[in-house]
Amino acid sequence: MATVTLTAENFDEVAQGDGIVLVDFWAEWCGPCKRFAPVFEKSAGKHDDIVFGKVDTEAQPELSERFGIASIPTLMAIRDGVIVFAEPGALPESVLENVIEQVRALDMEDVRRRADT
C-alpha cells in the first residue's frame, strides 16, 4: 500500500478509524527523515492492513504543534483512534517492524482502561 499524505483536513478522519495508522512526521530538509523514508515505504509495502501516513511538518505546522512534535522524524502509532506510541528518530527496519508487532499485540481494552484512570 502506498503512503497517504496527511493534512489538517484529513488527519482526524484517517487516524480515528479502526485499525492501525503509522504516521511519519518529516520535512524535506531533514537528513534523518530522508534516510527513514525508504524504510517507512518498504514497511508500507509489506503491511496492507495498516495505513502509513506522512505529515510534512513544513506544510502542516498546525499538526506538529497539535502533537508536540519537537524533533523529526517522529513516528507515531495510532490504534483504533488511540495514540499508543510516539518517538523521534530514524528507526532501522527491524525496530520499525518490532513496533508494528507490539502495536498489533496490544490489548486495546486494557489500553483504554489504563487511559481512563
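I take helices (H or I, at least four residues) and strands (E, at least two) as DSSP runs, numbered from the N terminus. The model I am reading is predicted.

**Entry 1: fold elements**

I looked up the secondary structure first. The protein comes to 5 helices and 5 strands. I read the order from the N terminus as β-α-β-α-β-α-β-β-α-α.

Next I checked the overall dimensions. Along the principal axes, the C-alpha atoms fill a box of roughly 40 × 30 × 20 Å.

I then turned to contacts between residues at least 6 apart in sequence. Of these, 75% join residues at least 24 apart.

**Entry 2: surface and charge**

I looked up the accessible surface, which comes to about 6400 Å². Carbon and sulfur atoms hold 51% of that surface. Buried residues make up 39% of the 117 residues.

For charge, I have 11 positive and 22 negative. How far apart are their mean positions? I find 5 Å between them.

**Entry 3: the cores**

In soluble globular proteins, nonpolar side chains tend to be buried together.

The largest nonpolar core here has 16 residues. I list those with the most contacts inside it: Phe11, Val23, Phe25, Val55, Ile72 and Ile78. Which elements each supply at least two residues of this core? I get α1 (11–15), β2 (20–26) and β4 (74–79). β2 gives the most, with 4 residues.

**Entry 4: the loop between β1 and α1**

I looked at two residues here. Threonine 7 lies in the loop between β1 and α1. Alanine 8 lies in the loop between β1 (4–5) and α1 as well.

Is threonine 7 buried or exposed? Its relative accessibility is 19%, and buried means under 20%, so I count threonine 7 as buried. Alanine 8 has a relative accessible area of 30%, so I log alanine 8 as partly exposed.

I checked their partners, not counting residues up to four places away in sequence. Threonine 7 touches Gln60 and Leu63. Alanine 8 is in contact with Gln60, Glu62 and Leu63.

I took one distance from alanine 8. Threonine 57 is 49 residues away along the chain, and the two C-alpha atoms are separated by 11 Å.

**Entry 5: backbone details**

I checked the peptide bond from isoleucine 72 to proline 73. That bond is cis, with omega near 0°. Proline 73 is found in the loop between α3 (61–66) and β4. Isoleucine 72 is already in my notes, as one of the residues with the most contacts inside the largest nonpolar core.

I then looked up phi for aspartate 80. The value is positive, about 50°, although aspartate 80 is not a glycine. I place aspartate 80 in the loop between β4 and β5 (82–88). The relative accessible area of aspartate 80 is 22%, so I log this residue as partly exposed.

How values were computed: Residues numbered from 1 in each chain as written. Predicted model: local features only at pLDDT ≥ 70, side-chain atom pairs only at ≥ 80, totals over all residues. Heavy atoms only, no water. Core = buried A, V, L, I, M, F, W, Y, C linked by side-chain atoms within 4.5 Å. Buried < 20%, exposed > 50% of the residue type's maximum accessible area, 1.4 Å probe, protein only. Contact = heavy atoms within 4.5 Å. Areas by Shrake-Rupley, 256 points an atom, 1.4 Å probe, with all protein chains shown as cover. Lys, Arg positive; Asp, Glu negative; His and termini not counted. Charge placed at Lys NZ, Arg CZ, Asp CG, Glu CD.
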